[in-house]
Amino acid sequence: IDAPFLVIHGTADPLMPYAHGVALARAVPGGRLVTIDGGGHELHQGDHDQIVAAILEQTGSDVVRPPAERSGRRAV
């Protein structure tokens with residue numbers, strides 16, 4: 001894989017052990033692991049901020065800003 005690679009994994013995932021997420025991130029050159037402490041297999045609302053922040057950082061995105069602000073224009 002020759003692309004930015006992000007693994008987001010919970011430490012308490014009962015289906016895919018955390019060690020698998022660690023191994024996956026290490027197996028891909030430049031891979032990055034974001035750990036959700038106590039996170040299971042599902043996405044929980046309390047983890048959304050950390051997950052969204054990791055994705056935005058990985059992609060360099062500014063999609064959380066309203067479109068008018070992204071373009072430098074102000075909404076009327």
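Student: By class, how many nonpolar, polar and charged residues does the lining of the largest pocket have?

Tutor: This is a predicted model. In the lining of the largest pocket, six residues are nonpolar, eight are polar and three are charged.

Student: How is such a pocket found, and how many residues line the largest pocket?

Tutor: The general idea comes first. A probe the size of a water molecule is rolled over the atoms, and this shows where empty space is left. In this structure, the largest pocket holds about 210 Å³ of space. Its lining is made of 17 residues. Those nearest the centre of the pocket are Ile-8, His-9, Gly-10, Asp-13 and Gly-40.

Student: In what order do the elements of the chain run?

Tutor: Start at the N terminus and read along: the order is β-α-β-α-α. The chain has three helices and two strands.

Student: How should I read a helix such as H2, and which of its residues are buried?

Tutor: In general, an α-helix has 3.6 residues a turn, so residues three or four places apart point the same way. Now take H2, which covers residues 48-59 and has 12 residues. From first C-alpha to last, H2 reaches 16 Å, close to the 16 Å expected at 1.5 Å a residue. The buried residues of H2 are Ile-51, Ala-54 and Leu-56.

Student: What do the buried residues of H2 pack against?

Tutor: They pack against S1 and against strand S2, residues 32-36. Just after H2 comes Gly-60, whose phi is positive, at about 70°.

Student: Is Gly-30 buried or exposed?

Tutor: Look at the relative accessible area; over 50% counts as exposed. Gly-30 has a value of 71%, so this residue is exposed. Gly-30 lies in the loop between H1 and S2. Gly-30 and Ile-1 are 29 residues apart in sequence, while their C-alpha atoms are 9.6 Å apart in space.

Student: What share of contacts in the chain joins residues at least 24 apart?

Tutor: Count contacts between residues at least 6 apart in sequence: of these, 57% join residues at least 24 apart.

Student: And what share of the residues in the chain is buried?

Tutor: Of the 76 residues in the chain, 22% are buried. The chain exposes about 5,600 Å², and carbon and sulfur atoms supply 56% of that area.

Terms used. Residues numbered from 1 in each chain as written. Predicted model: local features only at pLDDT ≥ 70, side-chain atom pairs only at ≥ 80, totals over all residues. Heavy atoms only, no water. 1 Å grid on protein atoms, 1.4 Å probe; cavity = no way out; pocket = protein on both sides within 12 Å on 5 of 7 lines; lining within 4 Å. Points joined across faces, edges and corners; volume = space filled by probe spheres on them. Nonpolar A, V, L, I, M, F, W, Y, C, P; charged D, E, K, R; others polar. Helix = DSSP H or I, 4+ residues; strand = E, 2+ residues; numbered from the N terminus. Expected span 1.5 Å × (residues − 1). Buried < 20%, exposed > 50% of the residue type's maximum accessible area, 1.4 Å probe, protein only. Contact = heavy atoms within 4.5 Å. Areas by Shrake-Rupley, 256 points an atom, 1.4 Å probe, with all protein chains shown as cover.
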